[in-house]
Amino acid sequence: MTDGPERELVVGVDSGGSGLRIALARAVDGRVLDTFASKEPVRTGAGGIDAGHLLAQLLPAVGAMAARAAGAGDRIVAVAVGAAGMATLGDGLRAELPEAFARAWGVRRLALAADAVTAYAGALGQRPGAVVAGGTGLITMGTDLSGWRRADGWGHLLGDCGSGAWIGRAGLEAAMRAHDGRRGGSAALLACAEERFGPVAGLPGALYPRSDRPAVLASFAPRVADCATAGDPVAVGILERAATHIAEAAAAVCPVDAEVEVALTGGLFKMGEPLLGPLRAELGALLPRAREVAAAGDPLAGAVTIGAALATGTLRLPGDPRLLELTR
């Protein structure tokens, strides 16, 4: 077989709080040949995301996948790295990855993306629209293909409104109100909180010192959904307010005056109808010309999409110094 475009490979990377995932794919069509997953997240320190730790996992994993692909003449021509915190913590990656990939594989075409951008590309590909990425936190991204718009994603203390952490915190607040006898409390949520965490009077001392506080808060969100399904009015109200926050964030990034698509992606939306029902109503009110669609893929698929488009000269998503930095 000749050494043509069909022998060109791309590497897609999804680095987040739950670990590292890597895909090796054909550049010509984005077909994934092999994947690797590690539950060890890339370290983040005072200097930001640790490029050395990322490379220590990435280079041998890609080497093993390329060996398994076993195509004589196959070569890696582009890499797309999506990482949580890239916008604010990615300076080390920007400084070290281009030269590291050039040394290892002779690669010069590189995309360094915020994980919200790879989530967008995974969900909608290279079409204009808006994507809500919801889990423990929440961020929305939108583009008309001329630039990016972002809303929220500011963490559980300053934002992430409507996220799993936000819903869980609101549910636990309602439990504490019931414990105190204050207005706005929910006996049902109090019972769930004590079943999950023990006596709620001890919850502040157990919760506040934890470094994984957002995840602990988010772990209570499904119980809020359970109580809403059972008809608890306080839980229903919490999910209605969450839906309002999510829809407002989607409206803030949606391209103006366009009939565009809005995709929901992430574990938050596995809560199902107790959240999706009010959310669809809010989206319909705020974005009457938008159409909700199912997310086509996840952030790793988005990294592959970006890498393949970069390799073949078909990238339509807009570059951005912080959100999608491109080296061609």
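Two strands are said to pair if DSSP finds at least two bridges between them. Helices (H or I, at least four residues) and strands (E, at least two) are themselves DSSP runs, numbered from the N terminus. Keep in mind as we walk along that this is a predicted model, in which local features need pLDDT of at least 70 and side-chain atom pairs count only at pLDDT 80 or more, while totals for chains, interfaces and linings use all residues. Residues are numbered from 1 along each chain as its sequence is written, and side-chain values use heavy atoms, with hydrogens and water left out.

Let us start with strand 7. Strand 6 (residues 75–83) and strand 7 (residues 109–114) run parallel and are joined by six bridges, with A78 standing opposite R109 of strand 7. Strand 7 also pairs with strand 13 (residues 324–327), here in the antiparallel sense and over four bridges. In that pairing, L110 is placed opposite T327 of strand 13. Strand 7 is mostly covered, as five of its six residues are buried; buried means under 20% relative accessible area, exposed over 50%, and partly exposed in between, with a 1.4 Å probe and protein chains only. As a reminder for reading any such element, side chains in a regular strand alternate between the two faces of the sheet.

Next comes helix 4 (residues 115–124). Nine of its ten residues are buried, so helix 4 is largely enclosed by the rest of the structure. The buried set is A116, V117, T118, A119, Y120, A121, G122, A123 and L124. After helix 4 comes G125, with a positive phi near 70 degrees. G302 belongs to helix 12 (residues 299–312) and is buried, with a relative accessible area of 0%.

H53 sits in helix 1 (residues 51–69) and, at 7% relative accessibility, counts as buried. Its side chain makes a polar contact of 3.0 Å with the side chain of E40, and the side chain of H53 also reaches the backbone nitrogen of R43 at 2.9 Å. R26, in strand 2 (residues 19–26), is buried at a relative accessible area of 15%. The side chain of R26 has a polar contact of 3.3 Å with the side chain of D74.

What about the backbone? Most residues other than glycine have a negative phi, and most peptide bonds are trans. L145 has a positive phi, near 75 degrees, and lies in the loop between strand 9 (138–143) and strand 10 (148–152). D152 has a positive phi too, near 60 degrees. D152 is found in strand 10 and is buried at 12% relative accessibility.

Now for a pocket, which is an open set of points with protein on both sides within 12 Å along at least five of seven lines, on a 1 Å grid over the protein atoms alone; lining residues have an atom within 4 Å of a point. The second largest pocket holds about 190 Å³ of space, a volume being the space filled by probe spheres set on the points, which are joined across faces, edges and corners. Helix 5 (164–180), helix 7 (203–207) and helix 8 (213–218) are the elements that give two or more residues to this lining. Helix 5 gives the most, with four residues. The lining residues are R169, L172, E173, M176, L203, P204, L207, Y208, R213 and L217. By class, seven are nonpolar, none polar and three charged, where Ala, Val, Leu, Ile, Met, Phe, Trp, Tyr, Cys and Pro count as nonpolar, Asp, Glu, Lys and Arg as charged, and the others, Gly among them, as polar.

We finish with helix 10 (residues 233–253), whose 21 residues reach 31 Å from first C-alpha to last, close to the 30 Å expected at 1.5 Å a residue; the expected span is 1.5 Å times one less than the number of residues. Among the buried residues of helix 10 are A235, I238, L239, A242 and I246.

Technical notes
On a 1 Å grid over the protein atoms alone, a cavity is a set of points where a 1.4 Å probe fits but cannot get out, and a pocket is an open set with protein on both sides within 12 Å along at least five of seven lines; lining residues have an atom within 4 Å of a point. A polar contact is a pair of N or O atoms within 3.5 Å; within protein, one must be able to donate a hydrogen and the other to accept it, and residues adjacent in sequence count only if both atoms are side-chain atoms.
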